[in-house]
Amino acid sequence: MVFTVTVVLILIISAAWKVLNTFWLRPKRLERLLRKQGFKGNSYRFLVGDVQEMVKERKEAKSKPMPLSDDIVPRVWGFFNQTINKHGKFSFIWLGPTPKVIITDPELIKDVFNRNYDFQKPSANSLPSLLAIGLASYEGEKWRKHRRIINPAFNLEKLKIMLPAFYKSCNDMISKWEGMMSSNGSCEIDVWPFLQSLANDVIYQTAFGSNYDEGRRIFELQKEQAKLTMTVKMKIFVPG
């Protein structure tokens, strides 16, 4: 009986230490090291980090229309942009207990890409991996193999062959817009759905040899899956 109680206590203490280290001691240690190296950012908040602020900022950005301007960074990269403005170009954010370093210097970015064995891609949980698995997530020899496979598709001569498909898809889209015009020759159009359809149509015609209508269901499922993935990604990941 005493032995069983002792084992249970050891297991409880061990689990408690692991949780404490994962969600508090290790993040605070990483924060001290980052600040020592000159990076700045918000202080770590237990368990959630900056996730709550990121979600709040995104909701606020989407609650109001975008201005007619080329300055889209505050909208599409809102929290990161706020972090850089507040803490400088060498800063970090917290995705839960994990710090993410922001690097904007072109030379440092180039150095990271060239030293792919030192700076490996962060391991993703199972949800984003269901959405996108490929060259962007591969490392080492597997990356080189797949890069060699797809490289011929981006040959200049092959891209020239795709131009008629690009032209047809763009022409079809503009024809639809012209058909939506009123008698006075004007109309208001939400171009985003059309641009999505244009991209999907071009991809299907050039890569799969069929038009967008035949692959509509696939793209609809991908769009729904992407939306669900991004929703979950903004929350704390619970293994399993």
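The exercises below work through a predicted model.

Residues are numbered from 1 along each chain as its sequence is written. In this predicted model, local features need pLDDT of at least 70, side-chain atom pairs count only at pLDDT 80 or more, totals for chains, interfaces and linings use all residues, and side-chain values use heavy atoms, with hydrogens and water left out.

**Exercise 1. Confidence**

State the average pLDDT of the protein chain, and find which elements have the lowest and highest mean pLDDT.

Solution. Step 1: pLDDT is the predictor's confidence in each residue, from 0 to 100. Step 2: the protein chain averages 82, and 88% of the residues score at least 70. Step 3: helices (H or I, at least four residues) and strands (E, at least two) are DSSP runs, numbered from the N terminus. Step 4: helix H6 (residues 126-131) has the lowest mean pLDDT, 63, while E1 has the highest, 93. Step 5: where pLDDT is low, the predicted coordinates should not be read in detail.

**Exercise 2. Strand pairing**

Determine how strand E2 pairs with E1 and with E3.

Solution. Step 1: two strands pair if DSSP finds at least two bridges between them. Step 2: E1 and E2 run parallel and are joined by two bridges; Gly 41 has Phe 92 in E2 as its bridge partner. Step 3: E2 and E3 (residues 98-102) are antiparallel, with five bridges; here Phe 92 has Val 101 in E3 as its bridge partner. Step 4: the hairpin of E2 and E3 has two residues between the strands, and Gly 96 in this hairpin takes a positive phi near 70°. Step 5: buried means under 20% relative accessible area, exposed over 50%, and partly exposed in between (1.4 Å probe, protein chains only). Four of the five residues of E2 (residues 91-95) are buried, so E2 is largely enclosed by the rest of the structure.

**Exercise 3. A positive phi**

Locate Leu 47 and describe its phi.

Solution. Step 1: Leu 47 lies in the loop between strand E1 (40-41) and helix H2 (51-62). Step 2: its phi is near 75°, a positive value in a residue other than glycine. Step 3: most residues other than glycine have a negative phi. Step 4: Leu 47 is partly exposed, with a relative accessible area of 29%.

**Exercise 4. A recorded region**

Compare the UniProt feature at residues 6-25 with the model over residues 6-25.

Solution. Step 1: the unreviewed UniProt entry places a "transmembrane region" at residues 6-25. Step 2: UniProt positions are given in the numbering used here, feature names are shortened, and annotations may be inferred rather than shown by experiment. Step 3: in the model, residues 6-25 are 100% helix and 0% strand, with the end C-alpha atoms 26 Å apart.
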